[in-house]
Amino acid sequence: MNSVLFGVHLCELCLTQKENKVSIDLMSDGSCSGPFFFDEDQHLDIRSSFDSIEFQSSADTPSMESNPKVVIIDEEVNEALNATTAGTEKADTCNKGAGPFCKKKRKSTSTCWEHFREVTSNGTIMTECIHCGEKLKKFKEGTTTPMNRHINESCPKLKAVNVNRGQLKLNVLPRKSNSTSVQNWKFDNARIREVIAHMIMIHELPFNFVEYDLFNVVMKEANPAFNKISRASARQDCISSYDIGRKRIQKLLNTVSRVSITTDMWTSVQNIHYMVVTCRFVDSDFQLRKCILNFVDISPPYTGLGIYDCLFKCLKEWKVEKKVATLIVDNAKTNDVVAKKLMENLNLQSKLGIDGKLFHVRCCAHILNLLVQDGLTEIKDIIHNVRESVKHVSASPGRLHIFGELSKQQQMPNKHLILDVSTRWNATYAMLSSALEFKDVFENYADRESSYKTLPSDDDWKKVEDVCSFLALFNEATKIISGSEYPTSNLFLVELYGIKEALDKVALDENDCMRGMASEMKKKFDKYWGSTNLLISVAAILDPRYKMELINLSFKYIYPEDEAKQEK
């Protein structure tokens, strides 16, 4: 064929999933000088999905099916198209972060994604709440603060069902019977910290106790939700507990009109002198309350005026300086000055009833202690021997072992020796009582220990037995009038009557030691209780069990006959 120009009109280029071929329709009504030339009315349409690529011509161009002159090119064009498609798919894969050599997309770890999902709105990626449907803009930085704020504060459906509170645990409580009760319970770290703060203060533990490894192991075993506490947090928790307790007590004190104040002087192991101020009152539910207001540091010199200034400052801090009805102190002369100054101050404000006759109250337990201490001076040498005997046995483990073996040989009860505190007579009484039970053991112990030189004689043990029998009444009276969980003022007169009766009986005893002891105790009794005490008498009358019958019965034994008739 001479000088024949072949016009190439591209009708369709189809890629199908069944046949990976490129079909080219060559028409003879055009002209071309190369492999692919197109007329002006022809264009290329490349679809973004790369599922098919079509070269379209004008409407009158014959289709591939109707044109017999078709050339099929398989390999080269197919490879080119596959390379283009593979590159695009690889780019998409990298954009999704799924490729092995691509940077992986960071996983969303925030808990807020449990309540949100990603959506596209007008070409913008946003987050939508799965509960209420509210849409929030998604930031490129990955900030989740708006979503958390929506969950905690804004979402109405989450507020309704309290999803954010966490899952409650079931607490199974045992009962006295075989059945059990099930209650809703949630572990509260704040409550645990409060209890630990109270434990540190009550048991005087160091703040770094909460950092001990075994303590944290125990707490984690008890509940895995426990959060570790630092010593700085423990210190702050103790201060917070004190502030809360102070506010609670202040709130109670604001509701009462009268309080009773008790003071006592102490010396710490660091040789620091301080005064304990205790307040007692009856609340609106008629319950007796007791609270320690303060440990007041007393600076030298320890005069009555100095102690009064410290006490009045403490009362003013608690706003009870005008509510004091009675002041209970021991029998030191400095306390007489304190009571006098405070009573004068309250009298000027007309805050005391009955002209202050019920204001100054001497501590009955302290008077009883002084009374017995004077009586014990009659056997001070015997008490010294018993005290040194207890010290000798307790001085070394070897001596304790020997003493214990001797006790087992004589089948002694399972008791221990007690060393007393010389300023407390009831501690001395406990030491004499316990040593008296080991009287025979001490004798055998002296045979085995040559260094033991303070063994009491048989006559001394007899005196110890008589004294312990006599002081048993005083020991019971001290326990009763020293109670703090119940009213005691109505019990004083009954105990005084019993003590006076016992002293009068022992004063007539044939034993010179006991008679001398009772004589010394009666002198102290008459000094403090020789005249009627108005407060003790009124409290006894108000007791519905006694009323005036106790007054008529006890006054004639406690006081002289003329004074008893006058006071009644």
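How much space lies in the largest cavity?

Guide: Happy to take you there. This is a predicted model, so local features are reported only at pLDDT of at least 70 and side-chain atom pairs only at pLDDT 80 or more, while totals for chains, interfaces and linings use all residues. Residues are numbered from 1 along each chain as its sequence is written, and side-chain values use heavy atoms, with hydrogens and water left out.

About 40 Å³ of space lies in the largest cavity. The structure holds 1 cavity of 30 Å³ or more. Rolling a probe the size of a water molecule over the atoms shows where empty space is left. Here a cavity is a set of points, on a 1 Å grid over the protein atoms alone, where a 1.4 Å probe fits but cannot get out, and lining residues have an atom within 4 Å of a point. Points are joined across faces, edges and corners, and the volume is the space filled by probe spheres set on them.

The lining of the largest cavity consists of Cys 364, Leu 368, Ala 477, Ile 481, Phe 492, Glu 495, Leu 496, Ile 499 and Trp 529. Two or more of these residues come from each of helix H9 (364-376), helix H14 (458-481) and helix H15 (492-506); helices here are DSSP runs (H or I, at least four residues), numbered from the N terminus. H15 gives the largest share, with 4 residues. By class, the lining has 8 nonpolar residues, no polar ones and 1 charged. In that count Ala, Val, Leu, Ile, Met, Phe, Trp, Tyr, Cys and Pro are nonpolar, Asp, Glu, Lys and Arg are charged, and the others, Gly among them, are polar.

From the cavity, let us turn to charged pairs. The whole structure has 18 salt bridges, each a side-chain nitrogen of Lys or Arg within 4 Å of a carboxyl oxygen of Asp or Glu. One of them pairs Asp 512 with Arg 515, with the closest N and O atoms 2.3 Å apart. Both belong to helix H16 (residues 512-529), and because they are 3 residues apart, about one helical turn separates them. Asp 512 is exposed at 54% relative accessible area, whereas Arg 515 is partly exposed at 31%. For these labels, buried means under 20% relative accessible area, exposed over 50%, and partly exposed in between (1.4 Å probe, protein chains only). Salt bridges with shared partners also join Lys 500, Asp 504, Lys 522 and Asp 526 into one network.

Another salt bridge joins Arg 193 and Asp 237, with 2.9 Å between the closest N and O atoms. This pair links distant parts of the chain, 44 residues apart: Arg 193 sits in helix H4 (residues 189-202) and Asp 237 in helix H6 (residues 231-253). Arg 193 is partly exposed at 32%, while Asp 237 is buried at 14%.

Finally, Asp 420 sits in the loop between helix H11 (397-409) and helix H12 (425-437), and with 10% relative accessibility this residue is buried. The side chain of Asp 420 makes polar contacts with the side chains of Arg 387 (2.9 Å) and Thr 428 (2.9 Å). A polar contact is a pair of N or O atoms within 3.5 Å; within protein, one must be able to donate a hydrogen and the other to accept it, and residues adjacent in sequence count only if both atoms are side-chain atoms.

Definitions and conventions:
1 Å grid on protein atoms, 1.4 Å probe; cavity = no way out; pocket = protein on both sides within 12 Å on 5 of 7 lines; lining within 4 Å.
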